Amino acid sequence: MILRWQAEARQAFRSFHSSSAVAAGLVSNVGKKPIVYPPTVSLEPTPTAVSVKGPLGETFVPLHPFLKLSNTAPNTITVAVENPKERKQRAMWGLTRTLIHNAIIGMTEGFTTPVYLVGVGYRAALEADPRGKGEGRSGQRLNMKLGFSHPVFMSVPDHIKIEVPQPTKIVLSCTDKHKLGLFAAQIRRLRPPEPYKGKGVIVGNERVRMKTVKKK
């Protein structure tokens, strides 16, 4: 049972917490940061999306009606919301800023993620896909040996570029960070790293927490 003084203390703490938050302005630490982009990139905002054009292509980032973009300086853009007191607007504030920043990097430099095959006999090779090019297919596929009794084949999407510099290393490249992560996760799902010997597919700087075998 909550005592009266405990209820009053909680109410006082809540009122103090809310008043201090309002006084602070309820800003998004990520969303308030300005975005500086190179001269080779052009941003064209519309009521529903912002177009990001660069040397590697063009992409679009969706915008909610309460999001506002403004150019505060040359090659600098800031993101703002109408009512930062609303939780959804604050959340979309930081998310939209991150998506625009990632789109700028993707259209200028692109994203790269290495994938490592750790295990005895694990290897990968890039070869032509017998099905050829098609909807969503680049005409290439990965031929991987992951400790099974059969090879594992995975078709490469048309938006992903793959290099195999070593039999146990795959380098993925893409202009979209989200799509790159999804494809890397699909490869990892074929043979997730196990915690006793560390064998499996490891993406990027992933660290496998090892476990010790309990001996009787």
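The entries below go from the whole chain to the sheets, and then to single residues.

**Entry 1: the overall count**

I reminded myself that this is a predicted model. I counted elements in the protein chain and noted three helices and 13 strands. Next I looked up burial: of the 216 residues in the protein chain, 31% are buried. I also checked how far contacts reach along the sequence. Taking contacts with a separation of 6 or more, 48% are between residues 24 or more positions apart.

What is the strand order in the open sheet of four strands? I read it as 11-12-7-13, and the pairing is antiparallel. Strand 11 (161–166) and strand 13 (200–203) are the edge strands, and each of them pairs on one side only.

I then followed strand 11 into strand 12. A hairpin of two residues connects them. Strand 12 covers residues 169–174, and four bridges tie it to strand 11 in an antiparallel run. I wrote down two of the cross-strand partners. Lys 161 has Ser 173 in strand 12 as its bridge partner, and Glu 163 stands opposite Val 171 in strand 12.

Which helix lies across this sheet's strands? I found helix 3 (residues 177–190), lying across strand 7 (111–118), strand 11, strand 12 and strand 13. Helix 3 runs at about 155° to strand 12.

I went on to an open sheet of three strands, with the order 1-6-5 and antiparallel pairing. Strand 1 (35–36) and strand 5 (67–73) each have a single partner strand, so one side of each has no neighbour in the sheet. Strand 1 is joined to strand 6 (residues 76–81) by two bridges, and the two run antiparallel. I noted one of the partners here: Val 36 is bridged to Thr 76 in strand 6.

Helix 2 lies across strand 1, strand 5 and strand 6. I noted its angle to strand 6 as about 160°.

**Entry 2: Asn 75**

I stopped at the loop between strand 5 and strand 6, where Asn 75 sits. Its phi is near 55°, a positive value in a residue other than glycine. Asn 75 has a relative accessible area of 30%, so I logged Asn 75 as partly exposed.

**Entry 3: Gln 89**

Is Gln 89 buried or exposed? I looked it up in helix 2 (residues 87–108). With 6% relative accessibility, Gln 89 counts as buried, because the cut-off for buried is under 20%. Its side chain makes a polar contact of 3.2 Å with the side chain of Glu 86. Setting aside neighbours within four places in sequence, I listed the contacts of Gln 89 as Phe 66, Val 81, Glu 82, Asn 83 and Pro 84.

**Entry 4: two glycines in one loop**

I turned to the loop between strand 8 (123–128) and strand 9 (137–145), which holds Gly 132. Gly 134 lies in the loop between strand 8 and strand 9 as well. Gly 132 is partly exposed, with a relative accessible area of 22%. For Gly 134 I read 31%, again partly exposed.

I took a C-alpha to C-alpha distance for each. Gly 132 and Ser 155 are 9.9 Å apart in space and 23 residues apart in sequence. Beyond neighbours within four places in sequence, Gly 132 is in contact with Arg 137 and Gly 139.

**Entry 5: rings and charges**

How many aromatic pairs does the rule give? I got zero, with ring centres required to lie within 6.5 Å. I then looked for charges over rings and wrote down two cases. Arg 141 lies over the face of Phe 153, at 3.9 Å from the ring centre. Arg 191 lies over the face of Phe 148, at 4.4 Å from the ring centre.

Methods. Residues numbered from 1 in each chain as written. Predicted model: local features only at pLDDT ≥ 70, side-chain atom pairs only at ≥ 80, totals over all residues. Heavy atoms only, no water. Phe/Tyr/Trp six-rings, centres within 6.5 Å; stacked < 30°, edge-to-face > 60°. Lys NZ or Arg CZ within 6 Å of the ring centre and 35° of its normal. Pairing = 2+ DSSP bridges. Contact = heavy atoms within 4.5 Å. Axes fitted to C-alpha atoms, helices over the stretch in contact; angles between N-to-C directions. Buried < 20%, exposed > 50% of the residue type's maximum accessible area, 1.4 Å probe, protein only. Polar contact = N/O pair within 3.5 Å; in protein donor to acceptor, adjacent residues only side chain to side chain.
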